[in-house]
Amino acid sequence: MINIPKGTKDVLPQESYKWHYIENKVRGVALDFNIKEIRTPTFECTELFLRGVGDTTDIVNKEMYTFTDKGNRSMTLKPEGTAGVARAFIENGLYANTQPTKMYYITPVFRYERPQAGRLREHHQFGIEYYGSESYMADVEVMMVAKTIFDRLGIKELVLNINSIGCPECRKKYNEALKDYLRVNYDDLCETCKERFEKNPLRILDCKEEKCKAITAKAPVILDYLCDDCKAHHENVLKQLDKLKIPYVVNPHIVRGLDYYTRTVFEFVSTSIGAQGTVCGGGRYNNLVEQVGGKPCPAVGFGMGLERLILTLESLGLSVGEEEVPSLYIATMSEKAKEDIMPFALNLRAHGISTEIDLMDRSFKGQLKFANKIGAKYMLVIGDDELTSNEAKIKDMATGEETPVKLDEIVKFFIKEA
Ligand code: ATP
Ligand code: MG
């Protein structure tokens, strides 16, 4: 018996409806914000992530699924959605379009992490990418896309945590101040944070270890080190959120795990799904396009973990959609009826009426039981008499009520019901 790889999951036929529900919701919201879908390959040249995502990140350092292909090229399964979009934007010259370019994706993401609740080796993200706008309005609209999705799903408890990590200029000054503060407590940091100290001290603020949290609680705050432009941008974002009456928390510990962020960073955090509570994380990345070899182009976006979104809905007792059931089951009472039913069923299906027939050579009684089991909304019983007279009874399975119908008018019956 060969088992599923650790940290991955099957979506079985009886639960795929949850995914359809979520995907339909996010696509609907994207449509309302006039965001168009972009699809990029599942693997890219490893170099793209080294340059784009940043080689001081945990993702690039430890978590990538990298392999050498038969042509001896180093390839990597997407560890996040943004770098591939940036590559596609540059390679296809999307600069040439009228800006902004608003894009979304739904993609599998691969990270070699320690599997636990809400942390998988293959998970799925819905993400959006706004290219070409430097305006704080784009930051706020991006947050509102996430907020709209949560609202439409009925989730009220997610808290918007927001911070600014400034531009490379502000960050240089801040990193020095942070390192001066942390140097005193260096010996008490966890091993990972000791490594981060030189390469990426900002990430220490995001460490989940209690001892590091205790140390960083009193660390200098980056908001005090922002240059005038970054400060004005941040204040404008907050002002607009106030205007929209969106509750938020300014949280100086939000820094995000990827090196490409500049200025705004934010997370929507759940308190109901345990330690891995970040359902959506995003921010602005004005230097990413340049880092992966394009002309400078500002950008802002987010990634939303769909497994964590489903976990949140389930833990809050909210709807995750309903299992799709057929509109009609056709039970047959004779060999002749069974032979004649296929074209009849095909015609219904051609009209968008989900129809099921017997494929198991079940007895008539067995067919009735089956119709109940699969939750068919209606059942039609057809035997020799019905075929000759063109008349049959259609049964509403919920109420038991039976209505006479003409077989050649059955499509009309369903159109009327819908
Ligand atoms: P985390 O806080 O879990 O380390 P991250 O900072 O690595 O998250 P991003 O790279 O911003 O997360 O990814 C965006 C979203 O994707 C996260 O907010 C989360 O909902 C989801 N996500 C990230 N990693 C995983 C994973 N290993 N399994 C399931 N969902 C994940
Ligand atoms: Mg992570």
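The structure is a predicted model. Strand 6 spans residues 122-131 and is one of the elements that give two or more residues to the shell around ligand 1.

**Strand 6 and its partners**

- Strand 6 is mostly covered, with 8 of its 10 residues buried.
- Strand 5, made of residues 101-110, pairs with strand 6 in the antiparallel sense over 10 bridges.
- Within this part of the structure, Thr107 has Gln125 of strand 6 as its bridge partner.
- Strand 6 also pairs with strand 11 (residues 299-305), in the antiparallel sense and over 7 bridges.
- For Glu129, the bridge partner in strand 11 is Gly301.

**Polar contacts of ligand 1**

- Arg111 has a polar side-chain atom 2.6 Å from an oxygen atom of ligand 1.
- His123 places a polar side-chain atom 3.3 Å from a nitrogen atom of the ligand.
- At Val279 the backbone is involved: one of its polar atoms is 3.1 Å from an oxygen atom of ligand 1.

**Cover and shell of ligand 1**

- On its own, ligand 1 has 580 Å² of accessible area, and the protein covers 92% of this.
- Strand 6, strand 10 (278-284) and strand 11 are the elements that give two or more residues to the shell.
- Strand 10 gives the largest share, 4 residues.
- There are 15 residues around ligand 1, and those that come nearest are Arg111, Glu113, Arg256, Thr278 and Arg308.
- Sorted by class, the shell holds 7 polar, 5 charged and 3 nonpolar residues.

Terms used
Residues numbered from 1 in each chain as written. Chains lettered and ligands numbered in written order. Predicted model: local features only at pLDDT ≥ 70, side-chain atom pairs only at ≥ 80, totals over all residues. Heavy atoms only, no water. Buried < 20%, exposed > 50% of the residue type's maximum accessible area, 1.4 Å probe, protein only. Pairing = 2+ DSSP bridges. Near = heavy atom within 4 Å. Polar contact = N/O pair within 3.5 Å; in protein donor to acceptor, adjacent residues only side chain to side chain. Areas by Shrake-Rupley, 256 points an atom, 1.4 Å probe, with all protein chains shown as cover. Nonpolar A, V, L, I, M, F, W, Y, C, P; charged D, E, K, R; others polar.
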